[in-house]
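Please keep the 3D view open as you read.

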Amino acid sequence: SGDFTYSITCMGKPKVTPLLEVRKSKIHGKGVFAGENIDKGVLLCVCPVLLVPVKDPSNDGILGAYYYEWSETNHALVLGLVSLVNHSYKPNAKVYTVNSNKTLQIYSLKSIRKGEELLVNYGKQYPYLTLSAYRT
């Protein structure tokens, strides 16, 4: 079915992140789901990024649907589960940029029940309808 579970040790932290699962989403394509109950304020995942120049031609293709805004000159292609988290204007998680080590971190904004999909707000400017055809 293409579903899998994912668990990592957060950078420098002895606690293992809550089990996260990738599976089919009712919202759009695939999504990331809580494999166990998660408390508010938990670091869920740390993902490295590759910086891609804003003027790179790949911005107009399939990869453009997965980029995060990083700076005026670069987008970030996330190498991890954050890139599969779907959008909601009522998010239960938030992504933070860590410029010093070029990572994105995702934290729970509230308690998340086992089986609940993780959702972040992509922002009002996100061209969801245009890029939704590219999302997995």
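The report below goes from the overall fold to the core, and then to a few side chains.

**Overall fold**

Please bear in mind that this is a predicted model. The protein has one helix and 10 strands. Reading from the N terminus, the order of elements is β-β-β-β-β-β-β-β-β-β-α. Of the 136 residues in the protein, 46% are buried. The exposed surface comes to about 7900 Å², and carbon and sulfur atoms supply 55% of that area. Take the contacts between residues at least 6 apart in sequence: 61% of them join residues at least 24 apart.

**The nonpolar core**

The largest nonpolar core holds 26 residues, and within this core Ile-106 and Leu-118 touch the most other members. At least two core residues come from each of strand 2 (20-24), strand 3 (30-34), strand 4 (43-53), strand 6 (74-78), strand 8 and strand 9. Strand 4 gives the largest share, with four residues.

Which residues does Leu-118 contact, leaving aside its neighbours within four places in sequence? The partners include Leu-20, Val-32, Phe-33, Ala-34 and Leu-44. Further along the chain, Leu-118 is also in contact with Val-85, Asn-86, Asn-92, Ile-106 and Ile-112.

**Rings and a charge**

The model has one aromatic pair. The ring centres of Tyr-96 and Tyr-107 are 5.6 Å apart and the planes meet at 80°, so this pair is edge-to-face, given that the cut-off for that label is over 60 degrees. Tyr-96 belongs to strand 8 (residues 93-98) and Tyr-107 to strand 9 (residues 103-108), so the pair links parts of the chain 11 residues apart.

Phe-33, listed above among the contacts of Leu-118, has a charged neighbour too: Arg-23 lies over the face of the Phe-33 ring, 4.1 Å from the ring centre.

Ser-83 sits in the loop between strand 6 and strand 7 (86-87). A polar atom of the Ser-83 side chain lies 2.9 Å from the backbone oxygen of Gly-80. Is Ser-83 buried or exposed? Ser-83 is buried, because its relative accessible area of 11% falls under the 20% cut-off.

| Residue | Relative accessible area | Class |
|---|---|---|
| Tyr-96 | 36% | partly exposed |
| Tyr-107 | 25% | partly exposed |
| Ser-83 | 11% | buried |

Notes
Residues numbered from 1 in each chain as written. Predicted model: local features only at pLDDT ≥ 70, side-chain atom pairs only at ≥ 80, totals over all residues. Heavy atoms only, no water. Phe/Tyr/Trp six-rings, centres within 6.5 Å; stacked < 30°, edge-to-face > 60°. Buried < 20%, exposed > 50% of the residue type's maximum accessible area, 1.4 Å probe, protein only. Lys NZ or Arg CZ within 6 Å of the ring centre and 35° of its normal. Contact = heavy atoms within 4.5 Å. Areas by Shrake-Rupley, 256 points an atom, 1.4 Å probe, with all protein chains shown as cover. Core = buried A, V, L, I, M, F, W, Y, C linked by side-chain atoms within 4.5 Å. Polar contact = N/O pair within 3.5 Å; in protein donor to acceptor, adjacent residues only side chain to side chain.
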